[in-house]
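I opened a new notebook page for this chain. Below are my entries, in the order in which I looked things up.

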Amino acid sequence: MPKINGNEIRPGNTLEHDGGLWVAVKVDHVKPGKGGAFAQVEMKNLRTGSKLNERFRSADKVERVRLEQKDQQFLYENDGMLVFMDTETFDQVELPADLLGDRRPFLQDGMTVVIEYYDTEALNVTVPQKVICKIVETEPVVKGQTAANSFKPALLDNGVRVMVPPFVGQDEDIVVNTETMEYAERA
C-alpha cells in the first residue's frame, strides 16, 4: 500500500493507523508561528465507529488504503441485516443496518448503492447522493407566498423530517440530498 506524507491527508482518505482502518473526516492544516506545520486530522474508525483526533507532521508517513468499490443492489431487510446483491456475479452479502446510520431511511427496494470492501470485508455503504421521496404531511400551500428564505417542516414517506420551501405541497415528490439531509429540488 502506498505511504503518504502527513500533509497529504485529505477528507475521505482511508488510512491504516495504529492497527485499525480510519477514514479522515476533517483535516485542518496548521502553521504555528513556532515549530513545523502539521495536519490536525479527525478520524473515524471504519470497524468500530469510534473517533480520534491525531496530529501528523509533514515528515510522518501514513499508509493510505485503497478500498474496492462495488455497485450492489439492495434486496431486502431481515432481522436488522440488509441483504445486497452484486449486480455482476449475483453473489449476496448481508450487512448490519446500522452501517448506514441516519441514511438508512433513504434506502429503497432495488436501489443501487456503492459498498466499499477491504479485501473481503464490507466496511461502508453509500446511498446515492440524491433520492426521490414523497411528502406525506406538510402545511398547505399559501397563494402569493414567494420563495423567500422561509421554509416549513415536511414529513417524508420514509419517516424523515426535512424543511421544504413554502410552494411545495403534500403528496408531491421531491429530491432530497442524502449527505446534508436537506431538500434539493422538486422531482
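Which residues of the largest nonpolar core touch the most other members? I note that the model is predicted. I went through the 27 residues of this core and found that F84, L107, V113, I115, L156, V164 and I174 touch the most other members. I then listed the elements that give two or more residues to the core: β8 (81–86), β10 (112–118), β11 (121–126), β12, β13 (152–156), β14 and β15. Another core lies apart from it; it has eleven residues, among them V27, V41, M43 and V62.

Next entry, on V113. I left aside its neighbours within four places in sequence and looked up the contacts that remain. V113 is in contact with K70, D71, Q72, F84, L107, V125, T126, V127 and P128. Two of these partners, F84 and L107, I had already written down among the core members that touch the most others.

Next entry, on the open sheet. I read off five strands in the order β14-β13-β12-β15-β16, with antiparallel pairing. β14 (161–164) and β16 (182–186) are the edge strands, and each pairs on one side only. Neighbouring strands are turned by 55° against each other on average, with direction ignored.

I took the pairs in turn.
- β12 (residues 130–138) and β15 (residues 173–177) pair in the antiparallel sense over five bridges; V131 stands opposite V176 in β15.
- β12 and β13 run antiparallel and are joined by three bridges; E137 stands opposite L155 in β13.
- β13 and β14 also run antiparallel, with four bridges between them; K152 stands opposite V164 in β14.

Is β13 mostly covered or mostly open? I found it mostly covered, with four of its five residues buried. In its hairpin with β14 there are four residues between the strands, and G159 takes a positive phi near 90°.

Last entry, on the whole chain. I count zero helices and 16 strands. Why do I call the chain more spread out than a compact globule? Its radius of gyration is 21 Å, whereas the globule rule gives 16 Å for 187 residues, so the chain is more spread out than a compact globule. Along the principal axes, the C-alpha atoms fill a box of roughly 60 × 50 × 25 Å. Of the 187 residues, 35% count as buried. The chain exposes about 11,200 Å², and carbon and sulfur atoms supply 46% of that area. Among contacts with a separation of 6 or more, residues 24 or more positions apart account for 43%.

Technical notes:
Residues numbered from 1 in each chain as written. Predicted model: local features only at pLDDT ≥ 70, side-chain atom pairs only at ≥ 80, totals over all residues. Heavy atoms only, no water. Pairing = 2+ DSSP bridges. Axes fitted to C-alpha atoms, helices over the stretch in contact; angles between N-to-C directions. Core = buried A, V, L, I, M, F, W, Y, C linked by side-chain atoms within 4.5 Å. Buried < 20%, exposed > 50% of the residue type's maximum accessible area, 1.4 Å probe, protein only. Contact = heavy atoms within 4.5 Å. Rg over C-alpha atoms; globule rule 2.2 N^0.38 Å. Areas by Shrake-Rupley, 256 points an atom, 1.4 Å probe, with all protein chains shown as cover.
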